[in-house]
Each structure stands twice: as C-alpha cells, then as structure tokens.
Amino acid sequence: MSQPEAFGRYRVIRRLGSGSFATVWLAQDDLLNYSVAIKVLAENWAHQMDIQHRFLEEARILRQTDSTWLVAVHDVDVLPDGRPYMVMTYADQGSVADLIHRGTLPLDEALRLLTEIGQGITVLHNHGTIHRDIKPSNVLLQSSPVGQRVLVADLGFAKSIDEASGFTAAAGTPGYMSPEQSIPGGDLDVRSDVYSLGAVAYELITGRPPSRPPVKVAPGQIRPGLPPALDELILSALSVDRESRPADAKTFTDRVRTIRMAPDLPKAAVPWWQRLRMPWRRATALAGALVLTGASLSGSLGRPGVSLTTVHDAAQGVYLEVPSVWAHEIHTAQEALPAAAEAGAGPGLLVATDAEDWDSTRETAYGVYATVVRGPADLSGIAGAQPCGDPPEERPLDTGEWEGTVWDWPECHGNGSLSSAAVHEPGEPTTVYMEIRQPGYRPDLVDRIIAGTHLG
C-alpha cells in the first residue's frame, strides 16, 4: 500500500516493514510527542474474518499480559475500509536478527538476550498462551534510560494452550518451529516454544540457525570453548522428542541464567566495558584515549561469523581493526619487541586476550600491538631478531594504502604465530610498527589487520 498521511491522530513517518499479513509503519503521536509503531492488516486480507480475528486476538493478548518483556499495544482502531490496526511500542534498535547479522555476539551478551527472551515467553506461558513463531526477527530491541530492552513481538500465530489439541493448520517458521508444529492437527504444548527458544539460542551463540531436526552439531563445535552445560541445554531444547526438552520456558530460562552467572564462564563472556574497569598490574589510565566500536565485517576474514572491532588510540592518532575475540584487555604505553624498541619504536597501544602474558612469547596471548614512529625509521634489524627461536620469514607488503615489510614467525614456541610489520603510507615518512600474535599462522589475517589500520 502507498504511504498514508495518518492513522487517526498518528502522523505517519515511514514504513518499517511488511509481511504476509500486515504492514508496520513508524508514526508520531503529536499530542503526546511520542513515536509509535502502527501495524495494519494487509489489504488482501481485509475481508478474511478469520485473519481479522487472529489480528485482533494478538492485540488482546499483548494488552492483557501488559509485560515489560512484550511489545505493548496502546490502542486499536479500524480504517474506513474495515481493516484493523494496532498502535504499539516502537522498537528503535531493530531486532535481534539485525544484531546477529552484524557479527558474533560476546557470550555474555548472547546469554543476556536469551534470558530476557525467555522471560517474555514465560509471561505468555503464564498467561496460557503459546507463541508458535519465536525467531530472532520477532524479538525487538528498544533503548531505555536503564539500557537496552528486549521485547517479544508478533503474536500472529499465538494460541491458547487450552486449544492446543485443536490446531488444524501448521504454523511457524521453518528452522525455528518444532517438528510437531509441521504436522496439521498436531498436539502442541509449551514445549514447542521451548524448541524455538533452543533454535534462537543456537543462532545467538553461533551466528547461524540450527540444521533441520534432528540437530546433531552442538554449538560448541562451531564456537569452541562454550560451557558444556550450555551445549547440553540447547541440544536438549532442540530434541525431536519433546519429553527430552526442558518442561517450559521458565525452566529453560532459569538454566540459561544459572550458566550465565557461573564463575567459570569463559572470560570472553565479560563485556569489554566491564573489563576496562578491572585492575591491571601494568594498566595505565586510558583517560578517554580509546574508543571501541563494533565493525560490521562478518566474514571479512574468510570465516563465517568473524567480526572486527575498531580501536582508536587518540594519543597516537591511530585506528586499528582487530578480531573482536582478541579485544579482552586494552593498554597504552606497552613496549615493543626489543629489536623494534632499539630502532626507535616507542610505547604503543596493545589490544590482547591477556596483557599480562604479552611480553612472553612462551605464554598464550593473542592480539595486536601498534605504535607510530614519526619520521623515517629503520626497523630492518627485526630480520635478525629471534624471539621465537628461529629467524623470521620476511615478505614485502603493498596494499595500495600501506607499503613496507612483514616478518612472520609461523610457529612460536608452540603458542601460535608472531608477525611484526613496519609499514608507511606511500611517500610518507611516518611508520606504523605492529606486532600480531594469533593462535595459528594466517598471513591473510595479518594483511587484513594492516589494511584496516589508518591514521587520523
């Protein structure tokens, strides 16, 4: 449909999206100075009374539950052509699907989202309702004074639990709906939603939806290092036999919360902003010098789900793009390798999994160190350095924006690889010296990090 000027007193701004049954518009309530989302039944369903009933039933459920974990319905009305519309909460941060598409989520963030989604579904189950279409695009995100809010939405397929034995048509989205939902007339219960929660959990953790049932590949096989209890929970939720699934959304959510609160949750699960507040024995005051922003570059390293984080050292005026999974700790005033320091490379920026072990090539620490050397610098002496016990492999580098030399140690005391690089912009004397440590030898990743570096 073409963009209308208004729905009642709500002035239409733009279309937010559309589906098979409805179109959603962003509108402004000028009376209360408030943005709202307005969902309007599609024109081709205007005279289908069963579809209109389903549309209005969604509004009734959302209004009656009135939960902070569900999209709220503020008003319902009917257009002159007979189509109903509902005025709802506007989720200004998009959906969980949008979040997943930007790159792999930190484990703690994924578990937080999953916990809040589960709380929304628990509210529905307590209300006597099965959602039947839980998926990332049906979970919305809204900014609030206390942080991001999760809002479960789109209850177009929702039904009363009391009517579960009388469903005559299959409903749901392939990939997220339980096996029993694909059978018309199937006897459903709340464990169908538990299956969908398991599918959403799988995608939040791995960046990809699960395979068709039976699901045999655990999330930990795609994302190593996950707690075994998390693998067990997700696979049990995705069981074809619903007797093997958690009993309901609350049971599933409580187990997710327990896993998230466990003291042995991998360090990578701690949000970066919390890590910056942790005391470090060699930490220096950041004093606003560093800015981190997520870069939506999934797959740019040749692997699905890999994302980069942009790190800015304002003191040196250098921007780096580093794998997000390495950005556990950030330090300024870190020293370079001795050979580089002797050639004039001063203290620089370090972004690493473990800054305490960075100085030792015999410990496991991965990340990127960079420093800016103003004026000409002769770092050729690095070729004679042997921090890993052997001479490096030397290769020229020319990305178009950077040119210089890279020295690679493909194997460094059994703890991955080490690469050093001295690069400069064509025709410019300023040199950026970098050290990159990674768990395996990937020169393409080294070149990608260098190519993503810029001065400003």
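Student: Which conventions apply to the numbering and to the model?

Tutor: Residues are numbered from 1 along each chain as its sequence is written, and side-chain values use heavy atoms, with hydrogens and water left out. Since the model is predicted, local features need pLDDT of at least 70 and side-chain atom pairs count only at pLDDT 80 or more, while totals for chains, interfaces and linings use all residues.

Student: In what order do the 6 strands of the open sheet lie?

Tutor: Strands of a sheet pair through backbone hydrogen bonds, either parallel or antiparallel. Helices (H or I, at least four residues) and strands (E, at least two) are DSSP runs numbered from the N terminus, and two strands pair if DSSP finds at least two bridges between them. Here the order is β1-β2-β3-β4-β6-β5, with antiparallel pairing, and the edge strands, each pairing on one side only, are β1 and β5.

Student: Is leucine 79 buried or exposed?

Tutor: Buried means under 20% relative accessible area, exposed over 50%, and partly exposed in between, with a 1.4 Å probe and protein chains only. Leucine 79, in the loop between β5 (73-78) and β6, has a relative accessible area of 14% and is therefore buried. Its C-alpha is 8.6 Å from that of glycine 8, although the two residues are 71 apart in sequence. Methionine 434, in strand β20 (residues 431-438), has 0% relative accessibility, so methionine 434 also counts as buried; its C-alpha and that of alanine 336, 98 residues away along the chain, are separated by 8.5 Å.

Student: Where does the second largest pocket lie?

Tutor: Rolling a probe the size of a water molecule over the atoms shows where empty space is left. On a 1 Å grid over the protein atoms alone, a pocket is an open set of points with protein on both sides within 12 Å along at least five of seven lines, and lining residues have an atom within 4 Å of a point. This pocket holds about 1000 Å³ of space, and its lining has 40 residues, of which Val24, Lys39, Ser137, Asn138 and Asp154 lie nearest its centre. Among the elements giving two or more residues to the lining are β2, β3 and β4, while α1 gives the largest share, 5 residues. Domain 1 (6-89) and domain 2 (94-160 + 174-214 + 226-261), whose bounds come from an automatic or database domain assignment, both give residues to the lining, so the pocket lies between them.

Student: What span does helix α4 reach?

Tutor: The expected span of a helix is 1.5 Å times one less than its number of residues. Helix α4 (residues 191-206) has 16 residues and reaches 22 Å from its first C-alpha to its last, close to the 22 Å expected. Of its 16 residues, 16 are buried, and the helix is followed by glycine 207, whose phi is positive, near 85°.

Key: On a 1 Å grid over the protein atoms alone, a cavity is a set of points where a 1.4 Å probe fits but cannot get out, and a pocket is an open set with protein on both sides within 12 Å along at least five of seven lines; lining residues have an atom within 4 Å of a point. Grid points are joined across faces, edges and corners, and a volume is the space filled by probe spheres set on the points.
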